[in-house]
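Please keep the sequence and the structure at hand while reading.

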Amino acid sequence: MATANKTCSLGRRIYQFAASVSGVIALFIILWGCTANNFNSGAIAWKTYSNSRYGFEFPYPSNWTSLAAPANDDGIAFISPQDNSVEIRGWASQQLPNAQESVKKIKPNFQTAQGVSGVMVVEVDQQVGSMTLTLTQSQVKYCLRGRSKSQKFPDYYRLFYYIAQQYRISKF
């Protein structure tokens, strides 16, 4: 009985190791194609979404369709004409004064062309890939998220990254 448990335990460890290694390899392969350097923004016709309530704006491809804006006018979402599972979403919200103290401070790892520093998080799982930029100015939290199916994420990463770079806060 003890031998069977040791064999099962070893088999489980090997499986867990293989699963973790394959996950890392898959993520590496996905992100390998995600360099933002060679994006040709001039090949796309752009429009600009402007939010007057929170004072932010960002470009989006002119042929993308906007979803209905929320009643509170905190942002908007646009979907790709080729695939409605691909979206760009921008929004903002007021932060409570004590909320900033309770949230862990994450060091900024991204800067917009305007010079605003923020935190960029890229997440890719088996189904969905997303890139989320969060900027905080005064008591306002600004967010931009690009999202697509995982297998298409390398195709859209450069677009999402470019839009994040061009994100502007007019009250900055």
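What follows describes a predicted model, beginning with the sheet and ending with the core.

**The sheet.** Three strands form an open sheet in the order S1-S2-S10, with antiparallel pairing. Strands S1 and S10 are the edge strands, each pairing on one side only. Between S1 and S2 the antiparallel pairing runs over six bridges, and in S2 Phe56 is the bridge partner of Asn51. Helix H3 packs on this sheet, where it touches S1, S2 and S10. The direction of H3 makes about 150° with that of S2.

| S1 | 46–51 |
| S2 | 56–61 |
| S10 | 168–169 |

**The helix.** H3 covers residues 153–166, and its 14 residues should span 20 Å at 1.5 Å a residue; the end C-alpha atoms are 20 Å apart, so the two values agree. The buried residues of H3 include Phe153, Tyr156, Phe160 and Ile163.

In soluble globular proteins, nonpolar side chains tend to be buried together. The largest nonpolar core here has 30 residues, and Phe58 and Tyr142 touch the most other members. At least two core residues come from each of S2, S4, S5, S8, S9 and H3. H3 supplies the largest share, eight residues.

Leaving aside neighbours within four places in sequence, Tyr142 is in contact with residues including Phe56, Trp91, Leu133, Leu135, Tyr167 and Ile169.

Methods:
Residues numbered from 1 in each chain as written. Predicted model: local features only at pLDDT ≥ 70, side-chain atom pairs only at ≥ 80, totals over all residues. Heavy atoms only, no water. Helix = DSSP H or I, 4+ residues; strand = E, 2+ residues; numbered from the N terminus. Expected span 1.5 Å × (residues − 1). Buried < 20%, exposed > 50% of the residue type's maximum accessible area, 1.4 Å probe, protein only. Pairing = 2+ DSSP bridges. Contact = heavy atoms within 4.5 Å. Axes fitted to C-alpha atoms, helices over the stretch in contact; angles between N-to-C directions. Core = buried A, V, L, I, M, F, W, Y, C linked by side-chain atoms within 4.5 Å.
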